[in-house]
Amino acid sequence: MWPNRSAAPFLLTGFPGLEAAHHWISIPFFAVYVSVLLGNGTLLYLIKDDHGLHEPMYYFLAMLAGTDLMVTLTTMPTVMGVLWVNHRDISHGACFLQAYFIHSLSIVESGVLLAMAYDRFIAIRTALRYNSILTNSRVMKVGLGVLIRGFLSLVPPILLLFWFPYCHSHVLSHAFCLHQDVMKLACADITFNRVYPVILVALTFFLDALIIFFSYILILKTVMVIASGEARAKALNTCVSNISCVLVFYVTVIGLTFIHRFGKHAPHVVHITMSYVYFLFPPFMNPIIYSIKTKQIQRSIVCLFSVHKRA
């Protein structure tokens with residue numbers, strides 16, 4: 001029988017075996033975190049400041065940028081704390097809340113990508129009714145629905161974490177808290193916490209990806225019947241940014257899932273690295289994708305720097 005050590009804090013882990021190099025590893029991590037904050041912060045500022053970007057497509061982009069910022073601000077303090085000063089202790093409450101926000105925001109991001117695909121679907125399939133269908137109030141309702149789904153769906157398993165006794169090792173495998181990491185340390189029946197996330201992933205990530213896939217098949221069918229080649233290219237070009245963000249997000253999700261399921265013999269550092277890629281790569285890439293692929297965003301960036309130059 002294990003002694004009850006529930007009151008002991010959890011211990012976060014950086015890169016096992018590479019502790020001496022943590023200061024060097026922190027440099028690229030800090031650079032990526034700063035890039036994510038600047039990139040997504042700039043997108044939010046541009047969408048707020050430029051009236052030409054006050055359209056449903058950019059409102060959904062603002063939701064994506066806001067979600068990416070929140071994910072970054074949720075993980076950054078503990079990751080940099082471990083890498084910079086080897087601060088590994090984290091209280092149970094702080095750990096559970098961090099896990100709650102990390103997983104909730106992942107579901108929110110999936111929902112926002114679905115909303116963005118829906119926006120492109122309406123814009124191309126029913127172009128003449130676009131403004132009457134996607135009114136500002138409807139965009140707000142969609143955004144609110146995405147947030148509610150994300151933040152309510154994670155409440156049951158996270159609440160149970162508060163009730164579990166923790167009498168095994170308190171060492172976590174990452175520099176941030178994840179539900180699947182914490183539940184394995186509980187000395188209790190965790191059947192619900194094992195089964196619930198599988199069902200939740202099927203009803204959110206998998207279902208969202210399926211709907212996005214079919215929506216783009218329908219978009220492609222619509223575009224292909226457009227007579228003008230130039231009009232076809234223009235219609236498809238409006239979808240490229242969203243498709244790129246969808247691929248970046250879901251490829252990292254699939255990669256992380258495959259590593260966890262089938263990479264049991266892979267070095268532990270590979271598992272850890274894939275987790276960081278999952279949480280950092282999409283927020284890092286999304287502003288770059290939209291800056292490169294969206295002319296309106298490019299024009300706003302040019303205007304922003306022109307104003308600062310004149311000032």
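Predicted model: local features only at pLDDT ≥ 70, side-chain atom pairs only at ≥ 80, totals over all residues.
A disulfide is a covalent bond between the sulfur atoms of two cysteines. The torsion about the S-S bond of Cys 95 and Cys 177 is about -115°, so this disulfide is left-handed.

The two cysteines belong to distant parts of the chain, 82 residues apart. Cys 95 is in helix α3 (residues 92-125), whereas Cys 177 is in the loop between α6 (155-163) and α7 (179-183).

## Transmembrane regions in the record

The unreviewed UniProt entry places the feature "transmembrane region" at residues 30-47, 59-85, 97-118, 139-164, 198-219, 240-263 and 269-290.

## Helices α1 and α2

Two packed helices are described by the angle between their axes and the distance between the axes. For helix α1 (residues 22-49) and α2, the axes come within 9 Å and cross at roughly 155°. Angles over 145 degrees count as roughly antiparallel, so α1 is roughly antiparallel to α2.

The crossing of α1 and α2 is left-handed. By class, the contact of α1 with α2 has 21 nonpolar, eight polar and one charged residues.

## Helices α2 and α5

Helix α2 (residues 56-85) also packs with helix α5 (residues 136-153): their axes come within 10 Å and cross at roughly 25°. Angles under 35 degrees count as roughly parallel, and α2 is therefore roughly parallel to α5. The crossing in which α2 passes α5 is right-handed.

On the side of α2, the contact is made by Pro 56, Tyr 59, Phe 60 and Met 63. On the side of α5, Asn 136, Val 139, Val 142 and Gly 143 take part. The residues of the contact of α2 with α5 comprise six nonpolar, two polar and no charged.

## Helices α6 and α8

The axes of α6 and helix α8 (residues 191-224) come within 10 Å, and their crossing angle is roughly 160°. The two helices α6 and α8 are therefore roughly antiparallel to each other. Their crossing is left-handed.

Helix α6 contributes Pro 156, Pro 157, Leu 160 and Leu 161 to the contact, and helix α8 contributes Phe 192, Asn 193 and Tyr 196. By class, the contact of α6 with α8 has six nonpolar, one polar and no charged residues.

Note on methods:
Residues numbered from 1 in each chain as written. Heavy atoms only, no water. UniProt positions renumbered as here; feature names shortened; annotations may be inferred. Axes fitted to C-alpha atoms, helices over the stretch in contact; angles between N-to-C directions. Helix = DSSP H or I, 4+ residues; strand = E, 2+ residues; numbered from the N terminus. Parallel < 35°, antiparallel > 145°, perpendicular 65-115°, else oblique. Left-handed = near helix turned anticlockwise from the far one by under 90°. Contact = heavy atoms within 4.5 Å. Nonpolar A, V, L, I, M, F, W, Y, C, P; charged D, E, K, R; others polar. Disulfide = S-S within 2.5 Å.
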